[in-house]
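Me: I'm new to this one. Can you walk me through it?

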Amino acid sequence: MEVINTDLAIVGGGTAGCLAAYQAKKEGIESVIVDKANIRRSGCLAPGVNAIYSYLHEGDKPEDYYEFVKFQGMGLVRKDLALTLIKEVGYAVKILEEYGLPILWERQGRFGLKIYGEHIKPILADIARDSTENVLEHHYSVELGVEDGVCGVYAFDLKNEEIVFVKAKAVLIATGGASGLYSSYTVPWYPPGNAGSGFSLTIRAGAEMTSLEIRFIPPRIKDVNSPIGVTAVGLKAPLINSKGEEFMKKKYAEFGGETAPIAIRAYAPTKEILEGNFPIYLDTRGVEEDKFEELIKLYLNAWPLFYLFVKARGIDLKEKLLEVQPSEPYLTSSHTIAGIWVDEKRMTSVKYLFAAGDAAGGVPLKHVGGALAEGIIAAREAAKIKRTNDYKPEELKLEFEGYHWKNAEERMKFVLDHYAGGLPRFYIYNEASASYALSEVEKLLKLKLGGEPLRVFETRDRLVVAKAMLHHMIERRETRMPPFQMRSDYPELSNSNYMLVSKFGEKVTFRREYV
């Protein structure tokens with residue numbers, strides 16, 4: 001088994017990982033990026049993005065940003081993490097500008113910075129390649145080496161089917177969140193390759209996880225799974241039901257109407273559907289004439305499928321309504337607080353193990369800016385670690401014969417869809433249904449999985465994450481954030497002030513007050 005020595009092993013070559021490599025070099029330490037794909041187009045920003053959210057414009061204060069994400073998280077947010085990340089985003093943007101990212105320096109939404117971001121991921125890849133000569137692409141991180149703290153990562157070479165061990169003074173988990181736990185009703189919103197591998201690595205290494213019961217369910221344009229936020233909020237196009245009622249203004253004024261927290265903007269259409277007032281539409285007919293070209297550009301820059309969808313169906317946005325459908329649930333720390341528990345330095349509860357971006361929980365809607373900032377923070381702190389790493393990696397015995405991964409994955413999705421608050425159950429679950437789902441997932445975890453190595457690893461990781469999520473779902477005996485977390489046996493909306501934290505192998509879940 002080949003052993004590669006470095007200072008910082010970065011698991012995941014996405015937004016946070018690439019900026020972490022940049023900062024590591026600036027701090028004078030070496031890094032290695034391990035990515036299961038090609039970093040030029042891997043991760044959430046692969047197709048592009050039209051804005052860097054979580055950015056302070058002139059006149060904004062860090063406390064303003066904290067109040068914004070606190071509102072969006074319906075009160076659940078780590079203040080310490082929000083304030084530390086927002087102070088680094090401006091620095092991250094300057095790095096991207098130096099590498100050629102076209103920045104418009106205009107505000108988009110409350111804390112968005114407009115960019116031409118079709119090539120943001122190739123630019124981030126260039127930054128990473130300039131910062132480290134060692135990028136292990138097409139390598140799947142299968143296990144962390146832990147001995148009084150993390151000592152490195154075992155990576156499986158998907159092309160040669162060999163194991164490499166990256167020995168490091170610190171490891172950064174920057175893999176993104178978990179997609180594919182539930183069945184997708186159309187084009188997935190979150191990258192289908194994000195299998196929750198970083199979550200799975202940290203769970204199996206004994207690190208604390210937080211708020212996995214708070215799933216993200218994005219309200220989207222039906223059949224193309226394209227975002228509605230820039231239109232509904234940015235261009236003030238209202239949501240209406242089949243009766244023509246602007247139900248957000250009528251029924252959810254206490255939450256802010258059309259500008260309500262994103263959870264409520266997903267819950268409200270779901271409630272209308274349950275009450276029989278469907279289809280639900282986004283009404284663009286009242287948008288000012290000169291705004292339509294701007295709207296198309298915004299979608300082309302971040303979700304070009306929308307433009308093709310509109311043209312293929314012959315939809316005139318000035319005359320025809322766009323149908324809306326909340327998506328299937330995901331686990332991602334860029335939009336909710338679900339993820340790995342970290343301190344202000346972005347270190348997890350396992351020594352020398354860091355997490356950033358979509359992997360690090362605690363701040364809702366931190367988006368691209370938050371991922372960039374946390375990659376920088378983690379690398380800066382990792383550079384301060386002075387230790388001797390004498391860990392001796394063991395040979396891993398991996399088998400790919402057994403119950404086919406696809407059958408296991410299909411069973412997992414069916415169980416979660418129908419018993420753990422999936423789209424077929426309108427995101428609602430209860431203790432009995434979640435407990436049944438947990439028992440079924442545990443059965444699947446006991447099986448030896450067979451098939452293509454990549455898919456075997458991904459299915460295993462999704463099952464590990466699903467088990468942890470279900471423990472959280474059972475433990476939070478209330479409805480705290482519909483539809484992200486919504487129980488039929490505790491239907492009243494709660495305003496409780498705690499986060500659930502889990503550490504498997506010890507006490508499964510416990511409450512923790514947050515900063």
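Reply: Start with a term: buried means under 20% relative accessible area, exposed over 50%, and partly exposed in between (1.4 Å probe, protein chains only). This is a predicted model, where local features need pLDDT of at least 70, side-chain atom pairs count only at pLDDT 80 or more, and totals for chains, interfaces and linings use all residues. Residues are numbered from 1 along each chain as its sequence is written, and side-chain values use heavy atoms, with hydrogens and water left out.

Me: Okay. Is Lys 114 buried or exposed?

Reply: Lys 114 is buried, at a relative accessible area of 15%. Its side chain meets that of Glu 106 in a salt bridge, 3.6 Å from N to O. A salt bridge here is a side-chain nitrogen of Lys or Arg within 4 Å of a carboxyl oxygen of Asp or Glu. Glu 106 is partly exposed, at 40% relative accessibility.

Me: How many salt bridges does the structure hold?

Reply: The count is 36. One of them joins Glu 88 to Arg 380, with the closest N and O atoms 2.9 Å apart. That pair links distant parts of the chain, 292 residues apart. Glu 88 sits in the loop between helix H3 (79–86) and helix H4 (89–98), while Arg 380 is in helix H12 (residues 367–382). Helices (H or I, at least four residues) and strands (E, at least two) are DSSP runs, numbered from the N terminus.

Me: What does Glu 381 pair with?

Reply: Glu 381 forms a salt bridge with Lys 384, and the closest N and O atoms are 3.3 Å apart. Glu 381 is buried at 15% relative accessibility. Lys 384 is exposed, at 55%. Elsewhere, salt bridges that share partners join Glu 431, Glu 475, Arg 477, Arg 487 and Asp 489 into one network.

Me: Switching topic. How many disulfides?

Reply: The count is 0. The rule asks for a pair of cysteine sulfur atoms within 2.5 Å.

Me: How many bridges join E14 to E15?

Reply: There are 3 bridges between strand E14 (residues 280–282) and strand E15 (residues 322–326), which run antiparallel. Leu 282 stands opposite Leu 322 in E15.

Me: Last stop, helix H11. Where's Pro 304?

Reply: Pro 304 is in helix H11. Pro 304 is partly exposed, at 36% relative accessible area. Pro 304 and Ser 226 are 78 residues apart in sequence, yet 9.1 Å apart in space, C-alpha to C-alpha.

Me: And Leu 308?

Reply: Leu 308 is also placed in helix H11 (residues 304–313). Leu 308 is exposed, with 55% relative accessible area.

Notes
Pairing = 2+ DSSP bridges.
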